[in-house]
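The following exercises are to be worked with the sequence and the model at hand. Each task is followed by a solution in steps.

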Amino acid sequence: MGLRSYIITRILLTIPTLLLLLSMVFLVMRVLPGDPVALHFEKRATPEQMESMRRALGLDKPLWAQYLEYLGGLVDIGYILDHGYPNLGRSMYQTSEEVGGQIFSAFPATLELAIYSMIIASVIGVLLGVASSKSYNSISDHLIRGFGTVTYAVPIFFLGIVFQLIFGVYLRWLPTSLRINPAVDPPATITGLYTIDSLLQGNLLGFFESLKALLLPSLTLGIILSGMFIRMTRTNMLETLRLDFVTAAKARGLKESTVTYGYALRNAFLPILTMMGLQFAILLGGAILTEKTFSWPGLGTYIVDRIDFRDYTAIQGAVVMFGLFVTLVSLVVDILYAYLDPRIRL
Amino acid sequence: MPLLKVDSLAVDYRTSRGTIRAVEDVSFSLKKGETLGLAGESGSGKSTLGLSIIRLVPYPGVIVKGHIKIDETDIVKLREHEMRSIRGRKAAYIFQDPMTSLNPVKRIGAHFIELIRTHEPNIGKEEAFERTKTVVKNLGILSERINDYPHQFSGGMRQRIMIGLAIALNPDLVIADEPTTALDVIVQAKILDLLESLRKVYGMALILISHDLSIILERCDKIIVMYAGHMLEYATSIEMHRNPKHPYTQGLLQSIPNIELFDQKLVAIPGSPPDMFNPPKGCSFWPRCSYVKKICRVKEPPLIKVGRNHFVRCFLYGKKGVHVERNRKS
Amino acid sequence: MTKAKIKRSILARVIPGLTSLVKKGPSGWMVILGMIIVTAMVVMTVIGPSVAPHDPIRSDSRLIRKPPSLQFPMGTTHLGQDMLSRILCGGSIMLQVSTFSVLVCFLIGVPLGLFSSYVGGVFDRACSLVIDAIYAFPGLVIAIAISAMLGRGVVNMALSIAVVYIPSYFRVVRSQVLSIKELTYVEAARGIGAKWHTIIFRYVFPNVIPSIVVVATINFADAVLTAAGLTFIGLGLGVDVPDWGRDLTSGWAYVSSGAWWIITFPGLMIILLALGFTLIGEGLSELLNPKLQR
């Protein structure tokens, strides 16, 4: 089939999935019982006030018209070119504000947190998973598995608070909130990721400060997520280590590390990679809780705040954003998988 | 001086359900350039025996007793990294199923280059590549296919590649575990011929493991017949063909169908191999033996020399025994 | 049957079952440990209110944020409530929410999965598409969205959590049914003219049960954690009952001033409860997974 045609096909397949996703979000947010405007005002407004908000947000139109407007807003290329973000409506809380703009300015923080957490979770998960599988049924195997199981049962925000207590309050080593020490200026925006931006500008102080602020939140999210990765890696490795080509490799006198990583892990890794992609959705859920714990100004904090404000258009926009993000990641993972496994393409 | 000398080898599998003695009291020797055949049913311990020679018995297997001397070095006592330098270089192993013995995400050429550079780290990439091309050509594979992946080859081709990997560093000993079982009959002969021609060119000793006694009789100098982990008979192939002593060996030979006879009834040995978690007391073969005596059910027969190059483990022989001649039907 | 006879017959079934679990090695121990933890929690929930030394809701402004002492072994909250009593009584609401949500999930997901995969065709494909889309979506986000629209309350929280996990049941049931559907004994049943509901419930369903049990236990653990998470975000229960999640959330503000006990004990209890279910689920899935058996 070739890699290129696979990529194209895969991208085309994303479209119906996206459509379905967007429709479902619309269903939940508009069709579920509960008038968003009434809920927003919590019945403390006059009918005229409610009506004027409805008109301003386009919520007085019939449902199908709203649906089309909603979908249309997302693919409105002109709008995207003008503003740099898609049309997700206006905020109920601040009706002059574009939800799309707010989301896009909050998003990079979440992205940065997600990337670092994923890295930490993968590294811990794979290394411990491999170690566990190599020493099957030994004490270290049981300890590692125990660690993996327990981390799954810990509420993310609890671990976050514990870390804040230990490292922030008692030891005072690391900051417990915000993306960077308020005394230091944040780096100029290129990607929106503080660590990358400060590196790109040679701003070492900014780099270290933002890294310090990232450490606790990504460690929290990373550790909780690693439990799953440990288990997946271990299971896949145990199966793979038993396969003939691994024994055959040992029979040729290849080095232990070559056999473990070049033969076993390289073949076990592909299903692990897919699982990692699926775990991304869980990561985002955890990110919301982590952001709240560490006052991290990302999409999670945004959605939590908007819940307090009863800003339903904003909540809808944020949910759409999460969905888009997950779809994109799964697309990338599938393409990566095809690139790494020659058997899929041929 | 023999290349390989095995003394009273015993190998256990320590499973959660109990311990199995997969190999019991096996002793033999192999000279440079000789071929030895290990014959037996599934579960007879022949594969375990083969794997223990390169110390790759899988978990939960353990070598519990005995010595395995390759060129006077007892490999049972070696450290793992010393063992690793032997594997692939001095002694090589060819696995049964070629479909699953190659790394699916590694190109064929890369398999060879990696092998060469592991054992001879001073060789540069260029030279390793040249040597790979030579080996691949000798296997009868087009050199353009060096950069293909394993799944792009047929079963027969993959087994050639496995053979190639085994002989690439010119080892003294090659152990081939059922090299043709997973292949169809026509390819079988080609593979065995290839193995034989390479062996002659490089002067390697070969241990051929198979459940197909006819292949072993044809291609091996010496034969060991294994049953339930025990070595029942050990002789040159000519001796074993002409003068099989053990009832099991006789049974195996009788059950080989003769293509030239019409109306041949297929003879099988009655019964089935024992449950290794609960092997029979005494001689492991007695439940299926037509000559069983009282002593067979109680004591294990010792290995007795019955000819110049002929050993048997059976109470029918030795000072107390009665010789039994095989009934010739053809 | 007398009470004693009933007890004996239950024990007669349970004890050999437990001993065989122990023999199965670490996976079996995990299941037993998990069951012990969960049983202990349930017992605590039931007898908690009767055993609690103080009224868990009664607040006393003179006893605010007192550290653990003999009188209050787990300290007091920011409202002067006894922490120990709140811990003993706080699991009940959490168990209620998770049980309710698992039930809803199960009652929707399993029949839908059975029906959809058996019927096949366009219906099955459409269902799977929708279910897969839900499955791929971040669970907490779905729960947040639905919870935000439905509002506070036990039922609403349970429903929003339930929607997230319906796909798990659906997928597990469906994959099992698809693999069994083409097996000969099902064809044979169809051959003798058995009605489809008989086939599903008598042939297919019994094979699916083990996987469902595993999903259900993990579902329980997740429900507990999600419920705590929703409370933390502010989409809590809205009722003034002792609730571990609530204490954890409200205790957060006082952590920096040194009142570690307000969050630690509820947090540990949540971990324990989730751990109990997870152990059962992971242990069972290992026991049932033929690939890992030697």
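**Exercise 1: A pair of packed helices**

In this predicted model, helix 2 of chain C and helix 3 of chain C cross in a left-handed manner.

Task. Determine whether helix 2 of chain C and helix 3 of chain C are oblique or parallel to each other, and describe their contact.

Solution. 
1. Two packed helices are described by the angle between their axes and the distance between the axes.
2. Helix 2 of chain C covers residues 26–51 and helix 3 of chain C covers residues 83–119; their axes come within 7 Å and cross at roughly 130°.
3. From helix 2 of chain C, the contact is made by Met41(C), Val42(C), Met44(C), Thr45(C), Gly48(C), Pro49(C) and Val51(C). Helix 3 of chain C contributes Leu88(C), Cys89(C), Gly91(C), Ser92(C) and Leu95(C).
4. By class, the residues of this contact are eight nonpolar, four polar and no charged.

**Exercise 2: The make-up of chain C**

Task. State how many helices and strands chain C has, and what percentage of its residues count as buried.

Solution. 
1. Chain C has ten helices and zero strands, giving the pattern α-α-α-α-α-α-α-α-α-α along the sequence.
2. Chain C has 294 residues, of which 44% count as buried.
3. Among contacts in chain C with a separation of 6 or more, 70% join residues 24 or more positions apart.

**Exercise 3: Two domains in chain B**

Task. Locate the domains of chain B and describe where domain 1 of chain B touches domain 2 of chain B.

Solution. 
1. Domain 1 of chain B spans 4–225, and domain 2 of chain B spans 243–313.
2. Taken over C-alpha atoms, the centres of these two domains of chain B are separated by 28 Å.
3. The contact joins eight residues of domain 1 of chain B with nine residues of domain 2 of chain B.
4. On the domain 1 side, strand 2 (18–30) and helix 7 (213–219) of chain B are the elements that give two or more residues.
5. That side of domain 1 of chain B has three nonpolar, three polar and two charged residues.

How values were computed:
Residues are numbered from 1 along each chain as its sequence is written. Chains are lettered from A and ligands numbered from 1 in the order in which they are written. This is a predicted model: local features need pLDDT of at least 70, side-chain atom pairs count only at pLDDT 80 or more; totals for chains, interfaces and linings use all residues. Axes are lines fitted to C-alpha atoms, for helices over the stretch in contact, and angles run from 0 to 180 degrees between N-to-C directions. Helices (H or I, at least four residues) and strands (E, at least two) are DSSP runs, numbered from the N terminus. A crossing is left-handed if the near helix is turned anticlockwise from the far one by less than a right angle, and right-handed if clockwise. Two residues are in contact if their C-beta atoms, placed from the backbone, lie within 7 Å. Ala, Val, Leu, Ile, Met, Phe, Trp, Tyr, Cys and Pro count as nonpolar, Asp, Glu, Lys and Arg as charged, and the others, Gly among them, as polar. Domain bounds come from an automatic or database domain assignment. A residue is buried if 20 or more other C-beta atoms lie within 10 Å of its own, exposed if 12 or fewer, and partly exposed in between; C-beta atoms are placed from the backbone.
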